[in-house]
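Let's take a walk through this model together, one chain and one contact at a time. Keep the viewer open as you read.

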Amino acid sequence: MACKPPSTWTQYRTLLAKDLKAEFRTKDMIVSMGIYAFLVIVVFGVALSFARPGAEFLEASGGLLWALVVFTSLLGLNRSFSHETENGCLEGLLLAPLDRGVIFLSKATSNLIFLALVEVIAVPLYWVFFSSFAAPAETGWLLVVPLLLGSIGIAGIGTLLSTMTASTRGKDVMLALLFVPIIFPLLYACVSATTCALVGGEVFAEGFFTALALGAGYDVIMILASWVLYDFVVN
Amino acid sequence: MADKKKLKLPEVGQWPDKLMAPALIAGAVLTTLGFLMAFFIVPPVGGAAVDGVELIGDSMVSQKMLLSQKIFYFHMPVAITSFLGMAFGCYYAVRFLMTKNQRFDTCSRICLEISLLFIIMTMITGEMWTRFEWGVWWSWEPRLTTYLILMLIVIAYFVLRSSVDEPERRATFAAVIAIIATVDVPICFMITRLIPSSIHPVVLREGGMSPEMGMCVGLCALGMLLVGFALYRARFNQVRLTQRVEALKESLED
Amino acid sequence: MNPILADIYSTILPSAPYLIAAYALLWVALLVYVLIIFRGTKKAEAQLMLLEEAVADQQIKTQ
């Protein structure tokens, strides 16, 4: 009987399921990311303890929220690939006749899912702790859109970079060193969009969609580039 | 391997080496000419208006003369050279990924070294101008920000190189970062320009260049490009010499 | 000097140190890179000498 190779979609689903299963069995990464996010919020609380509450706070809070996301995602990305290298899992994966692009996509998706899960906990927490400073405008809930856009970009380029840095000396620092400048344009666009959403009114109409469009452009270009280059990095 | 089409590798003694000495001399002459022209021929650019008009030489002047603007005549050529270095670094990185030949990795690395050198020179001249004109050492202005990011990525590139031991893997990772950086920087430039930050408005004076200014910048740019090329070639020769000595040493030790 | 002329020239002297520093540092940076190249060449040549000596020694031994 001829054995049909599984379709790309099946491969993708299997790999993704593997990552999710491994994670939900131990809940290692999500718990540590969640606690880390909470600690960053506490640090922000201390840093802002002498700031005066007021509408001006809204202009800074979008940026702070993104600082939280960047630090938390750095932690997550660092750990996401160490599982693979620790137990020689990566060699096994590479022995299988898989397209490397599929490995990239599944890894990026699992990173995105973990990041999104942590954000679902961290963003409301952030709101709880800092809404006493200034109430966001009615359009505030729209920050979900830049958050999603930013997370997609972070997961995409972050997967490529964390795969690379997983096999270097001093990998934690190395990842941060590469990740922060490369993600900078996206971060800038997302902070701008988030601030627009939080401040609302005229500012919202002016800048929100431009920033989103630019962020989306970055996502598309960078994910395509990472997807193509992933082939070389893994081999 | 034998049936593989013969790959032409950059090597010491090929035609670019013949151009090295003339390029260096021409570069030195052109930049010197540009320097002299900037200070003695191109009239100083006017800044803020003063209340009154005064006859200087044979023209009426009603603005403050800006000496600080003279920095621009070298600032922009140096910046152009750094971008070009980056572009060539990316080109060689692509060649490396296609052929997996270490020689292209060497070329790519040296291109980025040159690029880093010129980025640092751009930062220095830019900083001096910023400090005098705006009175601050740093401002989050689109061009400055883009350059900072560019510099950080190139520095990260070299740190990454030093933290991987295996040559093949080091070269691959470096090539990937070189390509990502070349893609990232234009996006960064665009995004920081199209989304003006509200706190620090764009302060740059926009305005055309007079033909004289344009010529001066062109002269300096050509000179700087030639200097950059000569430096690249000199460094390439030196690195190749070192590599060949290393290879010889290894084969003797056996 | 009349006040208008003084005003026209007012930024020239204060900006001179920055201008000079910019140009000087520019060339210093170039020079440093050239020195790096020179040092690399020197090192490689010294190693080459050592290798030549080693080869000569080996030849004497084998004879």
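**A walk through the chains**

We can start with a loop in chain A: Lys27(A) sits between α1 (8-26) and α2 (28-47) of chain A; helices here are DSSP runs of H or I with at least four residues, strands are runs of E with at least two, and both are numbered from the N terminus. Bear in mind that this is a predicted model, where local features need pLDDT of at least 70, side-chain atom pairs count only at pLDDT 80 or more, and totals for chains, interfaces and linings use all residues. Residues are numbered from 1 along each chain as its sequence is written, while chains are lettered from A and ligands numbered from 1 in the order in which they are written.

Lys27(A) is not a glycine, yet its phi is positive, at about 55°. Lys27(A) is also exposed, with 10 other C-beta atoms within 10 Å (buried takes 20 or more other C-beta atoms within 10 Å, exposed 12 or fewer, partly exposed anything in between, with C-beta atoms placed from the backbone). Lys100(B) counts as partly exposed, with 15 C-beta neighbours inside 10 Å.

Now for a buried spot in chain A. Leu160(A) belongs to helix α6 (residues 144-165) of chain A and has 28 other C-beta atoms within 10 Å, so it is buried. Which residues does Leu160(A) touch, leaving out those up to four places away in sequence? They are Ser226(A), Leu229(A), Tyr230(A) and Val233(A), where a contact means C-beta atoms, placed from the backbone, within 7 Å. The C-alpha atom of Leu160(A) is also 8.1 Å from that of Trp227(A), although the two residues are 67 apart along the chain.

Over in chain B, look at how two helices pack. Two packed helices are described by the angle between their axes and the distance between the axes. For α3(B) and α6(B), the angle is about 135° and the axes are 10 Å apart; axes are lines fitted to C-alpha atoms, for helices over the stretch in contact, and angles run from 0 to 180 degrees between N-to-C directions. The pair is therefore oblique (under 35 degrees is roughly parallel, over 145 roughly antiparallel, 65 to 115 roughly perpendicular, and the rest oblique). Residues of α3(B) including Ile110(B), Ile114(B) and Phe118(B) meet residues of α6(B) including Leu231(B), Phe236(B) and Val239(B).

Finally, the chains together. Chains A and C have no contact, and their closest C-alpha atoms are 24 Å apart.

What about chain C itself? Chain C has 2 helices and 0 strands, and its C-alpha atoms fill a box of roughly 90 × 15 × 10 Å along the principal axes. Its radius of gyration is 28 Å, while a compact globule of 63 residues would have one near 11 Å; the radius is taken over C-alpha atoms, and the globule rule is 2.2 Å times the number of residues to the power 0.38. Of the 63 residues of chain C, 13% count as buried.

Note on methods. Contact = placed C-beta atoms within 7 Å.
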